[in-house]
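Please keep the sequence and the 3D view open while you read this note.

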Amino acid sequence: MIRVACRIAPPVSPDEFEDLPQLLEPLEDADPLMIPASADAADLPSVEPLSLDQRVISRSVKTLKAEAISSLATLHAAHLVGASVWDERRIAARVNAASGIKAASPEVLAEIEGLAVTWQNDLSAITNALQQVAAISCPEAPISQDLRLEGEEQDLAADLIESCSVELTRHQLELANPQDEDSEQEPNAEQEPNQQD
């Protein structure tokens with residue numbers, strides 16, 4: 001899969017990364033207050049999004065499809081880089097292990113292999129999703145206008161959109177607080193012995 005993906009994107013020469021240390025040197029001596037908070041900025045959306053219900057109501061389905069394709073293509077590009085790099089690291093680790101030069105431990109080799117497989121599987125999943133979304137047909141009007149919803153149909157649509165909005169919010173909260181579930185389980189684990197007593 002990674003080889004197929006590389007055919008649709010120009011290869012990145014390792015020499016292009018050699019200039020990174022020189023490019024980063026000015027940042028090392030700069031005032032930290034003058035440097036943008038890149039870690040925080042990286043978590044911000046590329047464009048301030050409308051709420052889910054606002055998008056469904058005000059945007060044509062064709063536009064929603066285009067936005068989905070754009071987001072998936074961006075995610076695909078990021079995973080293409082990740083999968084390519086980890087694949088090259090996997091190959092290099094195997095070569096080094098076979099030659100005995102800078103051979104990594106079995107644990108490190110297993111970790112590299114696992115990461116390479118994970119990135120390639122994720123890249124494949126994103127590629128499939130991108131192809132499937134690109135293949136669907138969409139009306140050029142918002143869904144409510146295209147279906148000409150009336151009466152109970154409008155109520156049903158509102159309920160469905162609200163349900164999707166709640167589910168999206170729940171998913172976003174889980175992504176923002178991935179350790180909440182673990183922290184909630186710990187007290188329960190501590191309480192069980194007390195209950196047995």
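In which helix is the place of Gln-54? Gln-54 sits in helix α4, which covers residues 52–58. Point 7 returns to this residue.

1. **What you are looking at.** This is a predicted model, in which local features need pLDDT of at least 70, side-chain atom pairs count only at pLDDT 80 or more, and totals for chains, interfaces and linings use all residues. Residues are numbered from 1 along each chain as its sequence is written, and side-chain values use heavy atoms, with hydrogens and water left out.

2. **Overall make-up.** The protein chain has nine helices and zero strands. Read from the N terminus, the order is α-α-α-α-α-α-α-α-α. Helices (H or I, at least four residues) and strands (E, at least two) are DSSP runs, numbered from the N terminus. The chain has 197 residues, and 16% of them count as buried. Here buried means under 20% relative accessible area, exposed means over 50%, and partly exposed lies in between (1.4 Å probe, protein chains only).

3. **Two helices with their spans checked.** The expected span of a helix is 1.5 Å times one less than its number of residues. Helix α5 has 39 residues, and its first and last C-alpha atoms are 56 Å apart, close to the expected 57 Å. Helix α6 (residues 106–135) has 30 residues and should span 44 Å. Its end C-alpha atoms are 43 Å apart, which agrees. After α5 comes Gly-100, with a positive phi near 80 degrees.

4. **The buried side of the count in α6.** Which residues of α6 are buried? They are Ile-112, Ala-116, Gln-120, Leu-123, Ile-126, Thr-127, Leu-130 and Val-133. Leu-109 also belongs to helix α6. Leu-109 is partly exposed, because its relative accessible area is 23%.

5. **Salt bridges.** Side chains of opposite charge can pair when their charged atoms come close. A salt bridge here is a side-chain nitrogen of Lys or Arg within 4 Å of a carboxyl oxygen of Asp or Glu. The whole structure holds five of them.
   - Lys-62 pairs with Glu-140, with 3.5 Å between the closest N and O atoms. Lys-62 lies in helix α5 (residues 61–99) and Glu-140 in the loop between α6 and α7 (143–147), so this pair ties together parts that are 78 residues apart in sequence. Lys-62 is partly exposed at 45% relative accessibility, while Glu-140 is exposed at 64%.
   - Arg-90 meets Asp-87 at 2.5 Å, N to O. Both lie in helix α5, three residues apart, about one turn of the helix. Arg-90 and Asp-87 are both buried.
   - Arg-170 meets Glu-167 at 2.3 Å, N to O. These two are three residues apart in helix α8, so about one helical turn separates them. Salt bridges with shared partners link Glu-167, Arg-170 and Glu-174 into one network. Arg-170 is partly exposed at 37%, and Glu-167 is partly exposed at 42%.

6. **A negative patch.** Asp-53, Glu-150, Glu-152, Glu-153, Asp-155, Asp-159 and Glu-162 form a negative surface patch. Patch residues have over 30% relative accessible area and no salt bridge, and like charges are joined within 9 Å. Asp and Glu count as negative. Which helix gives the largest share of the patch? Helix α8 (residues 152–176) does, with five residues. Glu-162 counts as partly exposed, because its relative accessibility is 48%.

7. **Gln-54 again.** Gln-54 is partly exposed, at 41% relative accessibility. Gln-54 and Ile-161 are 107 residues apart in sequence, yet their C-alpha atoms are 9.8 Å apart in space.

8. **A backbone angle to look at.** Most residues other than glycine have a negative phi. Arg-148 is not a glycine, but its phi is positive, about 50 degrees. Arg-148 lies in the loop between α7 and α8. Is Arg-148 buried or exposed? Arg-148 counts as exposed, because its relative accessibility is 68%.

Notes:
Patches are made of residues with over 30% relative accessible area and no salt bridge: like charges are joined within 9 Å, nonpolar side chains (Val, Leu, Ile, Met, Phe, Trp, Tyr) within 5 Å. Accessible areas come from the Shrake-Rupley method with a 1.4 Å probe; for residues, only the protein chains shown count as cover. The place of a charge is taken as NZ of Lys, CZ of Arg, CG of Asp or CD of Glu.
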